Amino acid sequence: MEVMPDHVHLFVKSNPIIPVHHIVSQFKGYSSRVLRDEFPWLRSRLPSLWTHSYYCESIGHISDKDNQGSYRSIDR
């Protein structure tokens, strides 16, 4: 996982029959719940913590170490 000021990079290994949008919504829903429990003021100031958009790319079998360089080149 890599956290940027306005987005997060995650490597996720999943069963290919699970739709990507379901995995993304699970991550966003859980993290929103946890953050709003920890920071109650988020409930009143932000009606929606995350947007509906996401980016997904299938990279096959690759390790975090192998892919660090490509993330850094994309962010620049």
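1. Salt bridges come to a count of one in this predicted model. The criterion is a side-chain nitrogen of Lys or Arg within 4 Å of a carboxyl oxygen of Asp or Glu. Asp37 and Arg43 form the pair, and their closest N and O atoms are 2.8 Å apart. Side chains of opposite charge can pair when their charged atoms come close. Is Asp37 buried or exposed? Asp37 counts as exposed because its relative accessibility is 55%, and the exposed class begins over 50%.

2. Now the overall layout. The protein has three helices and two strands. Read from the N terminus, the order is β-β-α-α-α. Of the 76 residues in the protein, 14% are buried. The accessible surface is about 6,800 Å². Carbon and sulfur atoms account for 59% of that surface. Take the contacts between residues at least 6 apart in sequence: 41% of them join residues at least 24 apart.

3. Helix H1 covers residues 20-38, which makes 19 residues. Its first and last C-alpha atoms are 27 Å apart. That is close to the 27 Å expected at 1.5 Å a residue. Which residues of H1 are buried? They are Ile23, Val24, Ser32 and Arg36. Helix H2 (41-45) is included in what covers the buried residues of H1.

4. Ser32 counts as buried because its relative accessibility is 14%, and buried means under 20%. What does Ser32 touch, leaving out residues up to four places away in sequence? Its contacts are Leu49 and Trp50.

5. Trp50 is the next stop. Trp50 sits in the loop between H2 and helix H3 (64-75). Its relative accessible area is 37%, so Trp50 is partly exposed. Leaving out residues up to four places away in sequence, Trp50 touches Lys28, Ser31, Ser32 and Leu35.

6. Two polar links of Trp50 can be checked on the model. The side chain of Trp50 reaches the backbone oxygen of Lys28 at 3.2 Å. The side chains of Trp50 and Ser31 are joined by a polar contact of 3.0 Å. How far apart are the C-alpha atoms of Trp50 and Ser31? The separation is 9.4 Å, and the two residues are 19 residues apart along the chain.

7. Last, the surface. Which residues form a nonpolar patch there? The patch consists of Val3, Val8, Leu10, Val12 and Phe27. Together these residues have about 420 Å² of accessible area. One of them, Val8, is in strand E2 (residues 8-9). Val8 counts as partly exposed because its relative accessibility is 44%, between the 20% limit for buried and the 50% limit for exposed.

Key: Residues are numbered from 1 along each chain as its sequence is written. This is a predicted model: local features need pLDDT of at least 70, side-chain atom pairs count only at pLDDT 80 or more; totals for chains, interfaces and linings use all residues. Side-chain values use heavy atoms; hydrogens and water are left out. Patches are made of residues with over 30% relative accessible area and no salt bridge: like charges are joined within 9 Å, nonpolar side chains (Val, Leu, Ile, Met, Phe, Trp, Tyr) within 5 Å. Accessible areas come from the Shrake-Rupley method with a 1.4 Å probe; for residues, only the protein chains shown count as cover. Helices (H or I, at least four residues) and strands (E, at least two) are DSSP runs, numbered from the N terminus. Buried means under 20% relative accessible area, exposed over 50%, partly exposed in between (1.4 Å probe, protein chains only). Contact means heavy atoms within 4.5 Å. The expected span of a helix is 1.5 Å times one less than its number of residues. A polar contact is a pair of N or O atoms within 3.5 Å; within protein, one must be able to donate a hydrogen and the other to accept it, and residues adjacent in sequence count only if both atoms are side-chain atoms.
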